Every structure is written in structure tokens, then in C-alpha cells.
Amino acid sequence: MDTTRSVEPVDIARVVTDARPGTDIVEIVERTGGQLSTVYEVRTDSDPLIVKVYAPEWAWKQAKEVHVYGLLEQELSGSIPRVVHVGDSVTILTKLDGVPLSELEPPDWRATYTQLGQLLARIHRIGQPEYGYLTDQILDPLPDNEQYMDRQFAKKMSEFEQLGGDAKLQAKIAAYVAQHRHLFADNEAAVLCHNDFHEGNVLVDPDTWRVTGFIDVENAIAADPLIDIAKTIQYSAHDNAEKLAGLADGYGDLPAERTDLYRLYHSLELWDWFQSIGETTYLDSIARDMEQLVAP
């Protein structure tokens, strides 16, 4: 059920002019709407703005977004939206230039993914004191990656079982994780992870093929940086050799075994999510991905 609070364009105009007196609003366009927030693009006589209106029960997501963009600001100013105003269930952001990479076909995927790797490396310079899910703080923090990933895999495996996942595949996943869990200890410090750095959240200038930045920090966590890399691979790069080579060019060494362990985690998490909301279209293909990852 969509529980987003309905807000009329005139209200959006008032919020913007109250926050930025003298702004001449040309047009207000609703871009997306869902359970968490409704997003508007406000076109003005100067730079366009993005206004996000959160349903009251998701106000903590608003606080998270503001907090994470604040963490990113010093390292990535210019590559992220800037928070202009924070009000009651309303956040105003600057609008980044560019088109989502998911809508384009670059002439050189390797060069494009090199830029993605470089951006991820900059995000991962931002250290975090412990491991866990981020809001405006780390929730239920754990001191090391082994404890954190043990907890995460246990949670997702339990969900997989409860949601009717294949028992044989579950056993294979459990055995694979038990065999490889020692790799979690190879990471000794948590960093800020975007945790949704796929082509839909990366913006590109189609005239120059320069990556202009990225958006959507609502899934951010404090974790091993490779878990971020693995999600980009599993959601966007897949087994595309040019994309994978570019990612390594831009980021640096990507230990294959640990990366694959995290790819398995992301696939398991995604299967659980789709099954929980009744979206069955991709379940079989995700299960095949997991089968392939745990194959001897």
C-alpha cells in the first residue's frame, strides 16, 4: 500500500520559496512516488532543485539521507546532491547534471566503469567506527566484519527458509559460507558503503561520457568496502569483461573469493526481498546465480 503523504504542487512551491526566498519557479514535475517518499523536480530561473517529501513514518529515512550526504560532502562535493534545506518531512537538494547510466550505451564500457571504480574508492576513504546499518548513527553496531557478516548471512538464510526457498540450495549456500567465512576477517576496518551503486544511481553526461556523480544513499551501511563492489558487480556489471576490467582499473585489487562471497549475499538478500513482496519474475534467475556462485 502506498502510504506517501499527498502534497500538492502549490505546497512544494511554498516550501521552496520559504527555504530560498526570491526563487522564481518555472515548473514543478513529480518524478517518482512510493512508500518512502515522493520526489519532485522544481525547475527554476536558475539551477533546478529536487524536493523529497517523506511519509511521516519514514522520517528516519530523511534523517539518514541528510546524515550520509553530510559524510560524503568533504570527499565528494560536486559528485553528490547538496542538501539545501531540511524541514518537516521535506528535504530540498540540488539536482545533479546527467542521465542515469542505465538509460545509456557508452561507446567504451571499460572507461565508464573505471570512473565508477574511482568514485567507489573515494566513498570508501570515509571510515566508520563499527559495522552495521546506517541511519543517522550505526544501528546495532558490531566491532568486526566476522560478527557482522555472520549476523547478516544468518538473517538472510532464515528469511530464505521462511519464504519457501529451495532446501537443497539453502544447504549449498550454508556449506559455502561455512567454508569461506574466514575471508571476512581479511577486512579489518569498516567504511562508508553506498550499498546501491548500480547503473540506475550513477549519472553520466552523454556528450562527454563523463560520470557526473551518483544519487540515492538510502541503503548506506558501514561495512567492508568489497561488499559495495560486489553489489555493483551483481546488480550491473555481472560477467561483462569490459565492465569488470574498468572497475578494477579504477578501484584497484578486488580479491575474487571475498567478492564472490558478497555477491552471494546480495543475491540471497534480493531473492528474499522479491519473494517477500510477491515479485516472482526474477526468482529463478537469482537462484541460478546463487547455484553458480556456490558450485564447486
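# Exercises on a predicted chain

Of the 296 residues of the chain, 47% count as buried (under 20% relative accessible area; exposed is over 50% and partly exposed lies in between, with a 1.4 Å probe and protein chains only). The model is predicted, so local features need pLDDT of at least 70 and side-chain atom pairs count only at pLDDT 80 or more, while totals for chains, interfaces and linings use all residues. Residues are numbered from 1 along each chain as its sequence is written, and side-chain values use heavy atoms, with hydrogens and water left out.

## Exercise 1: the whole chain

Task: state how many helices and strands the chain has, and compare its radius of gyration with that of a compact globule.

Solution. Step 1: the chain holds nine helices and 12 strands; helices (H or I, at least four residues) and strands (E, at least two) are DSSP runs, numbered from the N terminus. Step 2: a compact globule of 296 residues would have a radius of gyration near 19 Å, and the 20 Å of the chain agrees with this. The radius is taken over C-alpha atoms, and the globule rule is 2.2 Å times the number of residues to the power 0.38. Step 3: the C-alpha trace spans about 65 × 40 × 40 Å along its principal axes. Step 4: among contacts (heavy atoms within 4.5 Å) with a separation of 6 or more, 68% come from residues 24 or more positions apart.

## Exercise 2: a four-stranded sheet

Task: give the strand order of the open sheet and find the helices that lie across its strands.

Solution. Step 1: the order is E8-E7-E12-E9, with antiparallel pairing; two strands pair if DSSP finds at least two bridges between them. Step 2: strand E8 (138–142) and strand E9 (191–193) are the edges, each pairing on one side only. Step 3: neighbouring strands of this sheet are turned by 25° against each other on average, direction ignored. Step 4: E7 (residues 131–134) is joined to E8 by three bridges, and tyrosine 131 stands opposite leucine 142 in E8. Step 5: helix H4 (residues 145–162) lies across E7, E8 and strand E12 (221–223), at about 115° to E8. Helix H6 (residues 225–237) lies across E9 and E12, at about 20° to E9. Axes are lines fitted to C-alpha atoms, for helices over the stretch in contact, and angles run from 0 to 180 degrees between N-to-C directions.

## Exercise 3: the strands around E10

Task: list the pairings of E10 with E6 and E11, and describe the hairpin.

Solution. Step 1: strand E6 (residues 99–100) and strand E10 (residues 202–205) run antiparallel and are joined by two bridges; proline 100 stands opposite leucine 203. Step 2: E10 also pairs with strand E11 (residues 210–214), antiparallel, over four bridges, and aspartate 205 stands opposite arginine 210. Step 3: E10 and E11 form a hairpin with four residues between them, and tryptophan 209 in the turn has a positive phi of about 60°.
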